[in-house]
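Come along and check each one against the picture.

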Amino acid sequence: MNELELLGPRAHGEPLGQAQLKAVAEDFQVDEVLDIPLEGEGEHLWLWVEKRELNTEEAARRIARAAGVPLKVVSYAGLKDRQALTRQWFSLHLPGKADPDLSAAENPGLRILKSVRHKRKLQRGAHSANGFTLRLTRLVADREALEARLKRLAEAGVPNYFGLQRFGHGGGNVVDARNFAERKELPVQRNVRSRLLSAGRSFVFNRVLAERIAAGTWNQAQVGDLLAFTDSRSFFMAGETECNDPRLALLDLHPTGPLWGEGDSPAQGQAQVLEAAVAAGEKALCHWLAEARMAHERRILRLPIGGLTWHYPEPDVLQLEFVLPAGCFATAVVRELVDLLPAGQTENPCAF
């Protein structure tokens with residue numbers, strides 16, 4: 001499957017050039033934003049961890065081994081990219097135990113920057129946002145056009161697509177999910193089941209978002225839409241009054257799309273018609289998601305970009321800094337600017 005099948009059309013026009021992302025880990029930096037005051041006492045040890053080219057699960061395994069505890073007592077709020085320099089929180093449940101020596105977990109790929117006690121464990125999804133510092137290298141694009149596009153993205157937001165990494169190489173996770181759906185089976189292995197169900201739901205959401213972009217309504221509330229605030233998982237129906245809510249223009253309130261599960265879409269009007277049409281086109285996949293007892297949830301279609309700033313540390317390098325809500329993809333921002341060169345490609349095939 002290609003990128004257009006997995007994501008869909010761009011919202012702000014064609015890419016303005018080309019660049020490389022993640023030439024080195026430092027080109028893609030992520031800092032978890034966690035708005036929880038830590039008490040300094042309790043049976044849970046919280047760790048602020050920096051990791052380089054290391055995925056979250058492997059970091060958790062290293063910490064568990066060094067602490068001499070089962071992996072199940074190590075918690076984290078969210079998964080972070082492997083090919084990146086990331087900083088995130090972990091917690092260990094250590095009732096009646098002293099702080100362990102964790103030096104065996106540390107090496108150039110993992111550093112423990114801070115440790116503090118707290119009365120509760122770190123829950124999945126507890127972080128409110130992620131801060132990003134991205135360096136687009138080997139950039140070939142018109143700077144004036146980039147400046148105008150960046151200002152537009154800061155004002156209008158971008159489509160809240162699930163990124164390509166959700167779908168595996170060449171969309172393999174979606175292919176596998178469809179195959180299981182056609183056979184009306186679920187993977188036996190829990191981690192595989194979770195990965196494929198997530199990929200299936202993400203793919204259906206991206207299809208709905210792509211259709212809304214094509215219709216010009218991805219960033220507009222329609223009667224019958226289900227609306228949600230940026231940082232809220234709850235939603236409410238849009239009537240005529242809600243469609244004129246000034247918070248829509250401020251990028252605080254947004255139309256949503258389905259994270260498919262049991263039952264029909266609770267949307268009404270044109271939104272329901274569009275979502276039903278997408279579901280009909282992926283009938284086996286949507287039925288499979290419902291049979292797996294996935295709850296029908298919603299995700300905002302429009303992604304506001306917090307605190308977007310940029311500069312050029314070198315003539316062919318664009319550095320971006322911004323904050324996104326948890327669960328959203330920084331590549332959705334980059335995609336509205338430039339095409340990314342494949343990994344390992346050292347020069348642009350064309351000039352601008």
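**Entry: Thr 137.** Thr 137 belongs to strand 7, residues 129–141. Strands (E, at least two residues) and helices (H or I, at least four) are DSSP runs, numbered from the N terminus. Setting aside neighbours within four places in sequence, I found Thr 137 in contact (heavy atoms within 4.5 Å) with Ala 19, Gln 20, Ala 23, Asp 27, Asp 316 and Val 317.

**A note on the source.** I am working with a predicted model, where local features need pLDDT of at least 70, side-chain atom pairs count only at pLDDT 80 or more, and totals for chains, interfaces and linings use all residues. Residues are numbered from 1 along each chain as its sequence is written, and side-chain values use heavy atoms, with hydrogens and water left out.

**Entry: Thr 86.** Next I turned to Thr 86, which sits in strand 5, residues 85–93. Its relative accessible area is 0%, so Thr 86 is buried. Not counting residues up to four places away in sequence, Thr 86 touches Val 30, Val 49, Glu 50, Lys 51, Lys 80 and Asp 81.

**Entry: helix 4 with helix 5.** How are helix 4 and helix 5 set relative to each other? Helix 4 (residues 172–183) packs against helix 5 at about 100°, and their axes are 8 Å apart. I noted that axes are lines fitted to C-alpha atoms, for helices over the stretch in contact, and that angles run from 0 to 180 degrees between N-to-C directions. The two helices are therefore roughly perpendicular; that word covers 65 to 115 degrees, while under 35 is roughly parallel, over 145 roughly antiparallel, and the rest oblique. Among the residues that meet are Phe 180 of helix 4 and Phe 203 of helix 5.

**Entry: helix 5 with helix 9.** Helix 5 (residues 190–215) and helix 9 (residues 283–291) have axes 10 Å apart and an angle of about 130°. These helices are therefore oblique to each other. From helix 5, Leu 196, Leu 197, Gly 200, Arg 201, Phe 203 and Val 204 meet Leu 285, Cys 286, Trp 288 and Leu 289 of helix 9.

**Entry: the ends of a span.** Last, I checked residues 157–303, whose end C-alpha atoms lie 5 Å apart. I wrote down that the span is 46% helix and 14% strand.

Notes. Buried < 20%, exposed > 50% of the residue type's maximum accessible area, 1.4 Å probe, protein only.
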